[in-house]
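Subject: Structure handover

Hi,

Here is the structure I promised to pass on to you. Please open it first, and then read my notes on its pockets below.

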Amino acid sequence: MSDDIWILGITMTKFGKHPDKDTVDLASEAAMGALADGGVTMKDMGILAAGCLMQSNAGIGQQLQKQIGQTGIPVYNVANACATGATALRTAIMAVKSGEVDMGLAVGVEKLAGAGLLGGGGTPKSDKKEWSPSGRYGAVTNTDGRIGAASMPAVFAQVGMEYGHKYGGTSFELFAKIAEKNHAHSTLNPLAAYTKRMTLEEIMNDVMIAYPNTRSMCSANCDGAAAAVVVSDAKLKTMSLEQQRRAIKVKASILTSDPYQEGCQVLPDVNTLTKNAARLAYEAAGVGPEDLDLVELHDCFATAELVHYDNLGLCEEGGAADFFLSGATWRDGKTPVNVSGGLESKGHPIAATGIANIWEICHHLRGEAGPRQIEGAKVGMAHVIGLGSACGLHILEKSGL
Amino acid sequence: MANQIPLVDYLELGDQPHLKALECTSCGARYFDRRNACASCSGTDFRSVAVPNDGIVKAFSIVTFAAPGVPVPFVSAIIDCDGTSVRGNIINCEPSPEVVTLGMPVRLATYVLGTDDHGVEAIGFGFEPAN
């Protein structure tokens, strides 16, 4: 018996368009799937943590209980930008770790198909034209597009370009090649929103959204849900051998926010909090980047994936471009990254993402990933960034049984 | 300049337009908005300082798709003004990756972004190529 926490059951729905299902339907499908995968029911759960970012005041947790089981357990509705799913999972993990409960359920769900551009915009000027300063900066009109961009594709374009300015080696083509990899990977993932292989030329000639990010280099807005059941080591030991064999050990569960850095008021710093999380996670897990058999990281845009190679210590500082060009992050490379297709191709139903990437890792560690199985995978990492910012990082290990 | 108003209150107009920031007197961290305590060192004393007008482009994106009502294309950029990072558009040049480059020297420039019903001009700012 130990303090270890295990993922007992986990699942994700198909990502894509689900016009006939609402958020409660999708969350229920994922939750029931995770419970069945773990061989347990709602009656076994001591806590529920749930997130749906676009409906973060709607009490998705309690709505879900009405649909699958109102057992009276504590519900934590969480919202933490794109790290919402990871935050829900970590909430359940903390509850089990505290000893208050021996099992918990975490669910993330989002309906985002057709949502279009996220971030930016603002209140249009009124018809009565009179400049009147308002808000924190005393702005007389909407500043998006006048004082830089507030939209996500442009913000993350600048994140990638900043890396290029600091270390060199980046180009439009390099970033496009990252998207080429992820679109190629998704062809093996039947649950991905998009499974079509795209050529580099198609990607570079796609609609330009915010240079250097074209449409196919942006995360795909779609519907989806994911859920996980976590269990204490003591409880797991009372379960069947099959449950113990398929259980995945949570070697590290880390959540960080962005510490102050010069410039963070004008461009969110997604680097320092990821570096901090990686350091803490490797320390907690007792492993290093060289031990990772696969990584799912937050490629909300192709420009973002590059910087996280460096932030997660997968390459030398400043060496992300060379590391990628070496082929290391393709599925047959040294450190396969986003073999699911990533957010660019698998899709990014915001609150589901931080659990769906854990599912991807678990799927490989269990040896159940079919044609896209990374052979012999023992240890994997799942990373998400919520702008604002929050970083969720989990290191997972297969059962020794 | 009673008939002019800045786009934001951290743009100082007059003979030599410039940006101003609130600087933490303990650690030197700079903010374009008010803070109750410094996000870097928790100091509570701030003074107003002028931000240098010259800088270099340390990140940019040429935005061709934006929220409704936002005119495109435009170049969003992060400028390193001698150690103070500033966000602004690159203006007075073609919005293309052949013209706008990382490390490019730029300087602050202002322009009239519109006039209201009382004849007051709103003055915006951006950064133009310095060479």
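A word on terms before the notes: Ala, Val, Leu, Ile, Met, Phe, Trp, Tyr, Cys and Pro count as nonpolar, Asp, Glu, Lys and Arg as charged, and the others, Gly among them, as polar. Please also keep in mind that this is a predicted model.

With those classes, the lining of the second largest pocket splits into eight nonpolar, seven polar and seven charged residues. This pocket has a volume of about 400 Å³. Of its 22 lining residues, the ones nearest the centre are Glu162(A), Lys166(A), Gln261(A), Asp269(A) and Asn271(A). Two or more lining residues come from each of H4, helix H9 (272-285) and helix H10 (302-311) of chain A. H4(A) gives the largest share, with six residues.

Now to the largest pocket, whose volume is about 950 Å³. It is lined by 42 residues, and closest to its centre are Gly116(A), Cys218(A), Ser219(A), Ala220(A) and Asn221(A). By class, its lining holds 26 nonpolar, ten polar and six charged residues.

Which elements of chain A each supply at least two residues of the lining of the largest pocket? They are helix H4 (152-167) and strand E10 (379-386). Here too H4(A) provides the largest share, this time three residues.

Methods
Residues are numbered from 1 along each chain as its sequence is written. Chains are lettered from A and ligands numbered from 1 in the order in which they are written. This is a predicted model: local features need pLDDT of at least 70, side-chain atom pairs count only at pLDDT 80 or more; totals for chains, interfaces and linings use all residues. Side-chain values use heavy atoms; hydrogens and water are left out. On a 1 Å grid over the protein atoms alone, a cavity is a set of points where a 1.4 Å probe fits but cannot get out, and a pocket is an open set with protein on both sides within 12 Å along at least five of seven lines; lining residues have an atom within 4 Å of a point. Grid points are joined across faces, edges and corners, and a volume is the space filled by probe spheres set on the points. Helices (H or I, at least four residues) and strands (E, at least two) are DSSP runs, numbered from the N terminus.
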